[in-house]
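Thanks for making the time, everyone. I would like to walk through a few local features of one model, so please bring up the view and follow along.

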Amino acid sequence: MSAVSAERKEPLLQVSGLSAGYGGMPVLHDVAIEIFPAEIVALVGSNGAGKTTLLRALSRVLAGNGKIVLDRKDLMPLTPDQAFQTGLVQVPEGRQLFDRMTVQDNLLMGAFRRNDKAAVARDLEKMYALFPRMAERRRQLAGSMSGGEQQMCAMARGLMAAPLLLMIDEMSLGLAPIIAEQLMDVLAEIRKEGVTVLLVEQDIHLALSGADRGYVMETGRIVHSGLAKDLIDDPEVQRAYLGL
Amino acid sequence: MKALQIPAVLIALIVLAAVPWFGSDVLVQFGINALLLAVLAQGWNIIGGYTGYASFGNSVFYGLGSYGVGIAMVQWELPFAVGLAFGVVLSVAFAILLGIPVLRLKGHYFAIATLALAQVMTAIVSNVKIAGQNIGLVLPPLNNDLLFYELALGLLVVATLTIYWLSRSRFGFGLIAIRENEEGAAVMGVNTTLYKVLAFALSGVFSALAGGIHAYWVTFIDPESAFDISLNVKMIIMAVFGGPGTVFGPIIGALSLSAISEFLSSEITSIAGLFFGVVVVAAVVLMPRGLADMLRRFRTTGWRYFAENIKATRL
């Protein structure tokens, strides 16, 4: 499953010349990324580099100019819920769970737009196999769980939407390093199921250790890209990221 | 418990439907008022209870429903049913036109914006010629309390069936998701704007029908009483007292509070308002999730239920 073999295929997500911003204030400048099927791609960068803005532009919450193609479908003219329907699913920063609903209802909420009841029931069992903790806590209110469990719940909820591309924003935020490592292992499991992951992280080492490829963002631009194992030792990346 | 629910509801319904045959005129008139208030509480339940948007604009729908009937019957001499339909059309149009901007606001801001809507409507209708300006309209009288009673009861049944459907449907699930975490709902592909506007409009349909029936019953409407904000406060109190976001809570709240209020004002006229206020304050402190939640939990927690709620409100 090396990235080299993946590159021969057609990209799942192709973004080029994307610029976007907030009310006349440009944030993203001419962003181009490509993600291939069943890849884990890390998008790293320091605070305020524009990572979340890029996710917002991809999920069509934020207007912008450029080209976004997912699975041969042009996303630019779509509304956020239409983009969601094409398979672009987000696990938002801060998780945004339904705190006063049970874990199971949270997961079912992930399948809100799906009509295939039998497949949804199957996927629910799959999630419980993937996250045994969630199975133990299926009747518990989501808001009463620990941060790591809530992040698992949010990821499982996202997966319940049967995404083509799962975009995870700040997965490790506020979590103990050991929990974050466990979640990275889960991503590898998810990839085996054929789900492609775009992981947005501030924790550059964590993200690049589990990803196939990486993009480094700085002030709204992609400044570096390459295989994750090359990027992790690249002094240029270290410099750009740490701002030395 | 579940198996007993359906027969219990049916028996309650038959008893309620039979009231005009064994009850006094006073009881029937009280019944019409109480049932219409229950419909209003159920209407508010859709937008306030299920969707989590505390609307103070439902009295606008009520007023539009009243004026729909008033204008159709007095100015155009059309039948009552056409007037009801006209009121519903006005309400739905209002819900869509004003819901789209107003439903972008959240929490207190939404409440205040909708509060202003009722005030604005009073001012507008007071200057519209076809609505009788600030004098109002006098409708042709129909002295048939039996009909109004059964009509109000029928409307309550339809409203409750709608909410029952809501509580089990995907649409209702989406509304609850919006209430619990609107951003989370949007991320999971719920078209939140569409859902909120639909909930607002559906809430408006029932409020408008209640307003229309009430207008024909009392045969007189004027801007002050049709767009009365205290009516909106009443429906919120009743829905919250009974249990917002439940199927039967608002009915129980509306009927029990109407009865308490009626009893107090006939027994101790001078300080009835004070007592009513005390009942409401006690309810908010002791059972903030309403009667429905209390009845469900009381069996397991007993009197601790109240103690826990007092602790939770940090008095």
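In which helix of chain B is the place of B:Gln75? B:Gln75 belongs to helix H3, residues 58-75 of chain B, where helices (H or I, at least four residues) and strands (E, at least two) are DSSP runs numbered from the N terminus.

Before going further, a word on conventions: this is a predicted model, in which local features need pLDDT of at least 70 and side-chain atom pairs count only at pLDDT 80 or more, while totals for chains, interfaces and linings use all residues. Residues are numbered from 1 along each chain as its sequence is written, chains are lettered from A and ligands numbered from 1 in the order in which they are written, and side-chain values use heavy atoms, with hydrogens and water left out.

Back to B:Gln75, which is partly exposed at a relative accessible area of 35%; here buried means under 20% relative accessible area, exposed over 50%, and partly exposed in between, with a 1.4 Å probe and protein chains only. Leaving aside residues up to four places away in sequence, B:Gln75 touches B:Gly70, B:Lys129, B:Ile130, B:Ala131, B:Gly132 and B:Leu137, contact meaning heavy atoms within 4.5 Å. With B:Ile130 in particular, a polar atom of the B:Gln75 side chain lies 2.5 Å from the backbone oxygen. By contrast, B:Val28, 47 residues away in sequence, is 30 Å from B:Gln75, C-alpha to C-alpha.

Staying in chain B, what makes helix H7, residues 170-180, largely enclosed by the rest of the structure? Eight of its eleven residues are buried, so the helix is largely enclosed, and among those buried residues are B:Phe171, B:Leu175 and B:Glu180. Their cover includes helix H4 (103-110) of chain A, together with helices H2 (25-50), H6 (145-168), H8 (182-187) and H9 (192-218) of chain B.

Turning to chain A, strand S9, residues 213-218, is mostly covered, with five of its six residues buried. Strand S3, residues 40-44, pairs with S9(A) in the parallel sense over four bridges, pairing being assigned if DSSP finds at least two bridges between two strands, and A:Val41 has A:Arg213 as its bridge partner in S9(A). S9(A) also pairs with strand S10, residues 221-227, in the antiparallel sense over six bridges, and there A:Arg213 stands opposite A:Leu227. The hairpin of S9(A) and S10(A) has two residues between the strands, and within that hairpin A:Thr219 takes a positive phi near 40°.

Conventions: Polar contact = N/O pair within 3.5 Å; in protein donor to acceptor, adjacent residues only side chain to side chain.
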